[in-house]
Amino acid sequence: MSLRLSTVILPYRRWHEGGRAAWTRAEQLGFHTAYTYDHLSWRTFRDSPWFGAVPTLTAAASVTDRLRLGTLVTSPNFRHPVTLAKELISLDDISGGRVTLGIGAGGSGFDATALGQEPWTPRERADRFAEFVPLLDRLLSEDAVSYEGDFYSAHEARNIPGCVQRPRLPFAVAATGPRGMRLAARFGQAWVTTGDPKLFENGTSEQSIQAIRGQAERLDDICAEVGRDMTGLERVLLTGFTPDRSGPLESLNAFVDFAGRHGELGFTEIVIHWPIPDSPFAAEEKVFEQIAMEAPAQLR
């Protein structure tokens, strides 16, 4: 299977001041999917412009025709399954069935307290995620849903006509722990990892490869436990968070080597960040475009 190449376009630019141009250029460059972060704000961008994911993707859908669109990732930090489902069904309709929902348990960043709540512990995040995903699955694939859980409720929630994509739009579940991986195995059309965060500061590329190999093997074991056919579960690597940092975007050869080594681990999609000057995602735009246009042919 060919290794697909996708990108993440952070929603930090006004639509008419570079935002629109990035999404249309992503389609011209031939990316498989263009994702965006679904946060209220994020790290060093907290006191800078930052726009909402769903409106941004809706606008992107209106100026593209072939490019798949998605979030990497949406989380329960400030989302409720009922309202999120309605927005996703609308977005899937507007895009003509080109939406993938990247979804994860969330973290302890700004989103975790923006609604005034205390930040959840890792256990609490995992508990909520375990309820969030199955309920969202039902809301996106059934006309009417009622549910009463520990964290979320739905009372005769209507979602007619449902998704363009049947039985619903695909989930790309971000997870590195066993509970999240089980959700990926049960409900995901793809599994997403960023590698091992403990290695980001002082780890090596080889240590990162070994850690990701271990994650992929755990996923294999969990798929076997739940009876999931592993060949039907795509594997997605979101780059920029391994010890390599932006190294793979320094040249076409560097990227092909990086992507090829991860392709050998069974990954089917590599996601690179659209260059942002003076940020952790700074990269030479000409090299980035060369990678987009030439790397996929070398990774078949």
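This is a predicted model: local features need pLDDT of at least 70, side-chain atom pairs count only at pLDDT 80 or more; totals for chains, interfaces and linings use all residues.
Residues are numbered from 1 along each chain as its sequence is written, and side-chain values use heavy atoms, with hydrogens and water left out.

**Overall architecture**

- The secondary structure of the chain comes to 8 helices and 10 strands; helices (H or I, at least four residues) and strands (E, at least two) are DSSP runs, numbered from the N terminus.
- For 300 residues, a compact globule would have a radius of gyration near 19 Å, and the 18 Å of the chain agrees with this. The radius is taken over C-alpha atoms, and the globule rule is 2.2 Å times the number of residues to the power 0.38.
- Along the principal axes, the C-alpha atoms of the chain fill a box of roughly 55 × 45 × 40 Å.
- Of the 300 residues, 52% count as buried; buried means under 20% relative accessible area, exposed over 50%, and partly exposed in between (1.4 Å probe, protein chains only).
- Among contacts in the chain with a separation of 6 or more, 74% come from residues 24 or more positions apart, where contact means heavy atoms within 4.5 Å.

- An α-helix has 3.6 residues a turn, so residues three or four places apart point the same way.
- Just after α6, G227 takes a positive phi of about 75 degrees.

**Pockets**

- The largest pocket holds about 1500 Å³ of space. On a 1 Å grid over the protein atoms alone, a pocket is an open set of points where a 1.4 Å probe fits, with protein on both sides within 12 Å along at least five of seven lines; lining residues have an atom within 4 Å of a point. Grid points are joined across faces, edges and corners, and a volume is the space filled by probe spheres set on the points.
- A lining of 42 residues surrounds the largest pocket, and A105, G106, G107, T176 and T194 lie nearest its centre.
- At least two lining residues of the largest pocket come from each of β3 (68–74), α4 (122–141), α5 (178–187), β8 (190–193) and α6 (205–226); α4 gives the most, with 5 residues.
- By class, this lining of the largest pocket has 19 nonpolar, 16 polar and 7 charged residues. Ala, Val, Leu, Ile, Met, Phe, Trp, Tyr, Cys and Pro count as nonpolar, Asp, Glu, Lys and Arg as charged, and the others, Gly among them, as polar.
- The second largest pocket has a volume of about 280 Å³ and is lined by 19 residues, of which G240, F241, R245, P280 and F281 lie nearest its centre.
- Both α7 (252–263) and β10 (269–273) supply at least two residues of the lining of the second largest pocket, which divides into 11 nonpolar, 6 polar and 2 charged residues.

- T36, in strand β2, is buried with a relative accessible area of 0%.
- Not counting residues up to four places away in sequence, the residues that T36 touches include V8, I9, L10, P11, W23, A53, L57, G70, T71 and L72.
- S48 sits in the loop between β2 (33–36) and α2 (53–63) and is partly exposed, with a relative accessible area of 37%.
- The C-alpha atoms of S48 and V82 are separated by 30 Å, and these residues are 34 apart along the chain.

**Backbone features**

- R43, in the loop between β2 and α2, has a positive phi of about 45 degrees although it is not a glycine; R43 is exposed, with a relative accessible area of 54%.
- E156 lies in strand β6 and has a positive phi near 50 degrees, in a residue other than glycine; E156 is partly exposed at 45% relative accessible area.
- The peptide bond from I160 to P161 is cis, with omega near 15 degrees, and P161 lies in the loop between β6 (153–158) and β7 (171–174).
- A cis peptide bond also joins R166 and P167, with omega about 0 degrees; P167 is placed in the loop between β6 and β7.
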